[in-house]
Amino acid sequence: MSENSQETMTGGETPVKKEMTAAERRARKKLEKQRKEESKSTARVVFEYIRVIAIGALIAFLLCKFVIINAEVPTGSMIPTISRGDRMIGLRLAYTFSTPKRGDVAIFKCPEPGPDYNKLFVKRVIGLPGETVKIEEGKVYIINAEGEKFYLDETSYLYETPKPDMQVNNKEWKLGEDEYFLMGDNRNGSHDCRYFGPVTAKRMQAKVIFKYYKGFEGFKNKEIKLEPVTGENNN
């Protein structure tokens, strides 16, 4: 047999598969088990993250839907109380278990037909159900159901003196039994009930409890003094 033939035969031999020892088999099984456990552990971590995010999103949705309103104020209609760009929190439950009070800074759905319909507005509650709101040269008067007339002292929150010659500052509104009258503290730069009329109770969405963008400030009811007006005809 030639040397070349021997090399060919040697090169064509099928290698013999080495049998694994018992120790090697146990090591391989252990390694496979570890890999499976690691895979399950990763899946559990991912699932837990998804669960936490889903629960957080649900809680946030329920809070915003039924408990609070978190909103940014895009205009300066409530200066100096709320500035343009301020963020605020309104409590929906405030008007679920009680009624709006005079002086509340409230969030409501705009009733005016057009582009602002149902948009959220924030203004101050001035007139209450059953009252008549009368504005004369920018000064606000409240006439109650008994016909008694009161001057509204607004010096604690008004930004500037209302312009006496504006048409909306010389009008009168009779409120129904479920209607409220709201105006901005920046009276000369506010689109409010003077333009689109009273707001029904069902449109009153929340009471503002604090703002938090450039500093934190809680809201308390401003005391609005009603001073009796005597010696004139209220009709």
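Cys110 is buried, with a relative accessible area of 0%. Buried means under 20% relative accessible area, exposed over 50%, and partly exposed in between (1.4 Å probe, protein chains only). Cys110 takes part in no disulfide. The nearest cysteine sulfur belongs to Cys193 and is 8.5 Å away.

Cys193 is buried as well, with a relative accessible area of 0%. Cys193 is in no disulfide either. A disulfide here is a pair of cysteine sulfur atoms within 2.5 Å. By this rule the count is 0 disulfides.

## About the model

This is a predicted model: local features need pLDDT of at least 70, side-chain atom pairs count only at pLDDT 80 or more, and totals for chains, interfaces and linings use all residues. Residues are numbered from 1 along each chain as its sequence is written, and side-chain values use heavy atoms, with hydrogens and water left out.

## The sheet

An open sheet holds 5 strands in the order β8-β5-β6-β7-β13. The pairing is antiparallel. Strands are DSSP runs (E, at least two residues), numbered from the N terminus. Two strands pair if DSSP finds at least two bridges between them.

β8 (172-174) and β13 (225-228) stand at the edges. Each has a single partner strand, so one side of each is left without a neighbour in the sheet. Neighbouring strands are turned by 25 degrees against each other on average, direction ignored. For this angle, axes are lines fitted to C-alpha atoms, and angles run from 0 to 180 degrees between N-to-C directions.

Strand β5 (residues 132-136) runs antiparallel to strand β6 (residues 139-143). 5 bridges join β5 to β6. Lys134 stands opposite Tyr141 in β6.

Methods. Helix = DSSP H or I, 4+ residues; strand = E, 2+ residues; numbered from the N terminus.
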